[in-house]
Amino acid sequence: MLNFNLYVVKIKIKNMKKFVTLIIMTITLLSCSDFLDIKPKDFTSPTNYYSNEDDLNHAIATVYNTGLSMYTRYLSSQFPLGTDEGFFKSTSSTSSFDIMTYKNDAGAADFTWVWQNLYKGIDRANEFLEYADQANCSDSIKTKLKGEALFIRAYYHFVLATYWGSVPMRLKSTKDLNSLNIPRTPEIELYAQIVKDMKESEAMVSDIDKLGYAERVTKSAVQGILARVCLFAAGRTGDKSYYTEARNSALKVIKSGKHALDASYQDVFINLMQDKYNVKESIFEVGFYGSTYDNNYRCAVFPSYFGQRTSFPSSNSTNFIGTQGQYGKGLFSAVSSAYILSTSYLYDAYETGDLRREWTMLDYTYKSWNTLTIVPEKPNYKFRFVGKFRREYEINFPLYKWGNSTNWPLLRYSDVLLMYAEADNELNGPQTDAIEYVNMVRRRAFGVDPTVKNQTIDKTFTSKDELFTYLKDERLREFAFEAIRKMDLQRWGIFYEQMKKMQTIIENTPATDLVPAQSYWPGVPLAVQTYVNFDIRNVLYPIPLSEMSVNKALNNENNPGW
Amino acid sequence: MEKTKLIILLLIWCAFNSLMAQNKQISGKVVDEQDQPLIGVNVLIKNAKIGTITDINGRFVINAPSSESVIMFRYIGYSTKELIVGENKDLNIVLIEDSKTLDEVVVVGYGEQKRMDITGSVGSVKTSDLTKAPVATFEQALAGRIAGVNVSSSEGDPGSAMNIVIRGQNSITQSNAPLYVIDGFPIEDFNANTLNTSDIASIDVLKDASSTAIYGARGANGVILITTKSGKEGRPQISYDGSIGFSKEIKRMELLSPYEFVKLQFDLNPITASGTSNSLSYLKPDASGIPTISIEDYKNIAGVDWQNQVLQVAPMQNHSLSLMGGTKATKYSVSINYLDQQGIIIKSGFNRLQGRLRLDQIVNEKLKVGVSLSYSQTKTYGTSSRFDDTSGKDPSFGLLYNVYGFRPVNGNVDMDQFLNDAIDYGSNETSTILAFNPLAYINNQTRNIYQSNILTNVYGEYSFNKFLKLRVTGGLNRNDNRNENFYNSQSPQSLTVGGIIRGINGSQRWSQSQTTLNENTLSYNRTFNRVHSFNGLIGFTNQKYTNQLFGGEAWHLPLEELNVYGLKQGEAQPLDTRYDENSIMSYLGRANYNYKQRYYATASLRADGSSKFPALNRWGYFPSVSLSWRLSEEKFMKSLQFISDAKIRGGYGEIGNNRVGSYDYFSALALSTISGYSYGNSYQQGATTTSIGNENLKWETTKSSNIGLDVSMFNQRISFTADYYKKNTTNLLLNANIAPSSGYTTARMNIGEVQNSGLELTLNTVNFSKRDFTWTSNFNISWNNNKIVALNDGQSNMLSNMQWNQNYNSTPLYLAEVGKPIAQFYGYQWNGVYQINDFNWVDNSADVSIKLPDNDPTVPYNRRTYTLKQEVTDNGSARSIIKPGYIKYKDLNGDGHIDNKDLGVIGDPNPDFVGGFTNNFTYKGFDLSIFFQFSVGNQLYNANRMLFEGAYRSDLNQFASYANRWSPETPQYTNYTPGGNGSNVYSTRTIEDGSYLRLKTLQLGYTIPTSLLKSIGITDLHLYCATQNLFTWTKYSGIDPEVSINNSALTPGFDYAAYPRSKTISFGVNAKF
């Protein structure tokens, strides 16, 4: 590769008697630039990837994973909880839980983590949209996958908007380090873009019945989530035209004929625990997989946040009655940590005979934390552990301590029905169709066939306010602990008011009533801290410090009060 | 011109012949201190053009013009001796070895220079001092030897690498390690374990830009030049250096006695501690639940001392055998070395087998060729002292956690089971965290690192004439690594607890790195008219590095007896494969000029092209200039007789640091199993862009200036060097924080600026020099002031976390703030504990008849329900759970609440000054060397105390200091009560002064008189006893103040479960045959 040339030159220099022999060495490189031009061999670059269908499938998986994996615990429990449905009850004060008790400031690591992952997901989606066309595969596949990426980009922006309000909108992937900083986009523009993207993707993605599972973006998922976005946008911006959009979009799902309520409320959640699908009811889910704690962003951690504090032996697949012996060998594994306590407000929201109460709020407990002897909860006890996701229903053995494959419900059919009713009520007042959809949800709650009219259970509504008031409580009853309550309180503009109402309720509750009656693991009830700490500024989260400190385009302006 | 030539010819003529006019013939013999004849010593008559050299027997004959003539003996590496001829005819001259003389040759980049001619800042260390320390590598002996060269180890495990920082840290997120140049071969990630200290002829450290600029884009962190021994002309000489030694921990942590431990358990949870049904009961109830033992009885129980079980007096042996010699044309040197060092934690250690060959051959008067070849293989083995993977896992998975924390008494558990089972069955039921038996921990895992290294260099040197020389070298440096890990069924890392589900598992990782080098230099060396000395060098070099790695891991291995070789039967985990490649091509040039050895000027320039940077920024140019003035050569100084030499130096240069990944300017996309998604219950692997490239990336530039003064006095009895430097590093290669909304959190950018300035003083003295008794001293001290000038675009600070314990991993402990050093400790101000008068209380007695009024001081403590007074600040926890004796912090913003607004700088990990002090004595055959090292003003974060001085968990033993904790009866103590640690935050409570003075090396030796040895064929025999780390004076409460686990520029001075440092005593022999 190197060439050495030696030249011997004799030069006569002034004042010198002899010739001076100069040797000039020249080195010519046969390929100088090649020597220094080294390309990576153990990874590829975005520009070289995206060449075939396989590549697209791998890339779209990451688009899903990056943001949706945040539902493992952040977006399923830490962020949406701390409302009138329930609160973080333990005294344990690691920063992860401070979000639920409104103790965090803008520096909290979990704010940063969720923020950055949602944006990472947006960037991956943008990259996908920019590069997908270069792949060598059929246009129909490209269209479908691009539709999914487009929807997910919009969905991540929506999640950001629900917690942070106005946020930077990223519609191009990041390539240039000199233009990293962009300002916040006003909420009105943000929603307009989200709605536009979602509507565009609606035509591109598959029908849900063709898939038979719910972890992917489908037409029904797009239409249902679009209804949710529009209701939220209507509430946040005051623009009534969003109700029309919400109503029409929800109606498409209802009229598609692909959906129906599951006859059993509790089966909806047991299915999620057991990796079973009923796409008629559960329209869109976050797909969690496996149970390896080492890879906890593909498995779900949220089920261990709920429930009575207990521990299930992992090795015993036939029954859960563990023994001291099993414990003694250190083989126990699946854990419910009982971080969350539901409130008397939620308890009181349920009417007598509403089966959802006993499923949402555990009506039993265990005798001690490591024996699985069941003790029934005292009747009418109002502060209970959360029963929506119960680890004893898991069937994938061996069980593991924190992580499992429970899917998170992002959109259920009952939500579509209630969203339709709400949007239609805002536009037209109580109409027969809307009332029927409301009653369908109600009938299931009382254990009767949702599709058959039932004089004793069905409700009638004569005024818009009456239906709206009912819907507010019905949504709490139906979706408690499904990351919907906080969003609802926000869009109705009653978040702060409701939290202060809760403070009064808790402050007037005797301390002993704040501990589940039969609990082996009482902890110290710190119910009131959540509501005392809650200030008007907590209606929106602060833009994380990690963003504020480097993104100069934000001009150091955070959300009010931060 | 003609004249110059003639003079040179004449001089040479003189050197080999003594045909000049003669008046008085003198003969004699020159020997060294060991009575060995010195060959080739220059013997000169002062102020006359007469000279000769000694022959193979050290003998010479010279003719002096008169008896008043002064005769001089000059020999490199020895003090020059002068004496008046007088009436002597036969002289017996002893030259004293002194590498600090001005004639000493110092190796500089691509050449060597006399100490006197140096214009930059170059530190040297005597290898004779280094070999006195009973340690495995030269780096370990280097600490405190050279001003401005800060050498420290993170902890005490055998075979671990040292952290060397020269003149402060330039780089915030990138490596600050110097460039090593081994016999001319530049190596960025040199492994000191591959080199035998006995093979080293010299170590020179280039500190300032004017001397390192010749290394261009790699010179900014300083350069350590190591030259290995080459053969000398003379008869073959066989040397054997051998030692055996023993190491022992320098300190053990005092733990609670069994009695104090049990008492603590009753403070923590009297119900479980005395319970009847569970194994934790310390009262050993019988079948009917009646205790069979009382707390007081534990005063007479010795308990299990786990430190005793795990620590050992560790043997060490080191043997080197070498053969050296040569003729005028051929010089050779061959050596082998074997070192075996066990760790003071059982089943850990390090061993090395190393061989070296060096051959230099003069082919003809023009051509010289040579080859050096070194091979070494090492094995480092043993468990880590803490758990390597702290993400999401509990600290109880670490060894030292269990050595300190595993309970000392068995309670209700059978003693045999207690001592032998891997898990403490009785431990902590409520937290689901187990404790692991430290012995079982060690015995159930295999962790080996095998490394082998080949370093070879071939050169040819062609002299066109006596001024011009071409040197072409080619070299190869190859490292093979194999890491083996295996955890059997009884190992904590295999048990299905704490979420770990790997079962019996193991892994193997193989990697091979290879560097090839070609260097071509042309040098011109000439003195004109006797006064103008000129030395020029130009060169061209190219170097290529490749590294590949292959690793496999498997879980749930069915056949554990196969150890790591049974991986194929297990559940295979994703393979790890990596390939890394970079190259660098350079042109370099340097010119040295001096006038009458009085005024000196040096200029150098290097152009480096590096594949690590995009084409646009590939080439960097690194210039330097320096000047020096030897005042002592001036007439006005001649009157100051006591000054032997005085020189002022000054230089400026720009140098680079290219320590980034080979491919950092590319955006990377990779497939991984954790970025995928599950649809329809099947998992789709994900492909994700993992990092964003930077097409403007370039090296970071350090602009450095240096002013120095070298003075030696009283015939070089006292020599003093002072240097002041200032370095500004700009375009930092920063792993910079960027807006997370971009989809990335960091990007490799050239952003920010760091400044280091400092002062270094070195004093060498010959305090006493008589034939029978000599005493020499070396003292060096250095101050460095490190400051961040700028970070990313107006960013005012960066916070960094220490990864050591899942409960703290996301809490920042370090602050890097503009205007301050790169690292400062960050946290809360500790304010003792809450006292009873901070509270109101009510009598919670259920019996109304005995209920006393609120706040009545006579209410028994166990009947009080406390409420923190409204005006008293909380500690970050909810007010309702704070009790007397709980930890308390200072409320800096006065809002009555402890939160993030009360965070601030809580300590400084940077020393004010560091240095070393060496004294060497000889008395007749005895020699004594005493070396002290010190570091003053740095603070350490002692995280051990967060776990072991606070009882954050039941059944976890604690440091003895926790016996003195707050209670209503002992309110004077500031250790909080069990359970009173509040939230998981860092505070000044566990920040300690890390200053120390250490008697680092002490060696006492005796040289057997040659007369006694002749009969047994030994020419030289030296016996010694050497110690390392014998005494340390410090206020630090941990095991050792020289500690910094997970060390980096951003995270220094952190102590948690560091491998305990040892002190060593060894007995050795140096023999020559």
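This is a predicted model: local features need pLDDT of at least 70, side-chain atom pairs count only at pLDDT 80 or more; totals for chains, interfaces and linings use all residues.
Let me begin with the surface of chain B. Eight names belong together here, and I shall read them out: Ile238(B), Leu321(B), Leu323(B), Val334(B), Ile336(B), Leu357(B), Leu373(B) and Phe1073(B) make up a nonpolar patch on the surface. Their accessible area together comes to about 600 Å². Two elements of chain B, β18 (314–326) and β19 (330–342), each give two or more residues to this patch. Ile238(B), for its part, is found in strand β17 of chain B, which covers residues 234–249. Ile238(B) counts as partly exposed because its relative accessibility is 36%, and that class lies between the limits of 20% and 50%.

I turn now to a sheet in chain B. Its four strands follow the order β39-β40-β41-β46, and the sheet is open, with antiparallel pairing. β39 (797–801) and β46 (904–907) are the edge strands, each pairing on one side only. From one strand to the next, the twist averages 45°. Within this sheet, strands β40 (residues 812–817) and β41 (residues 824–827) of chain B run antiparallel and are joined by two bridges. Tyr814(B) has Phe825(B), in β41(B), as its bridge partner.

Finally, the cysteines. How many disulfides does a search of the whole structure find? The search returns zero, over all chains. As for individual cysteines, Cys137(A) counts as buried because its relative accessibility is 16%, under the 20% limit. Cys1025(B), at 24% relative accessibility, therefore counts as partly exposed.

Thank you for your attention.

Definitions and conventions: Residues are numbered from 1 along each chain as its sequence is written. Chains are lettered from A and ligands numbered from 1 in the order in which they are written. Side-chain values use heavy atoms; hydrogens and water are left out. Patches are made of residues with over 30% relative accessible area and no salt bridge: like charges are joined within 9 Å, nonpolar side chains (Val, Leu, Ile, Met, Phe, Trp, Tyr) within 5 Å. Accessible areas come from the Shrake-Rupley method with a 1.4 Å probe; for residues, only the protein chains shown count as cover. A salt bridge is a side-chain nitrogen of Lys or Arg within 4 Å of a carboxyl oxygen of Asp or Glu. Buried means under 20% relative accessible area, exposed over 50%, partly exposed in between (1.4 Å probe, protein chains only). Two strands pair if DSSP finds at least two bridges between them. Axes are lines fitted to C-alpha atoms, for helices over the stretch in contact, and angles run from 0 to 180 degrees between N-to-C directions. A disulfide is a pair of cysteine sulfur atoms within 2.5 Å.
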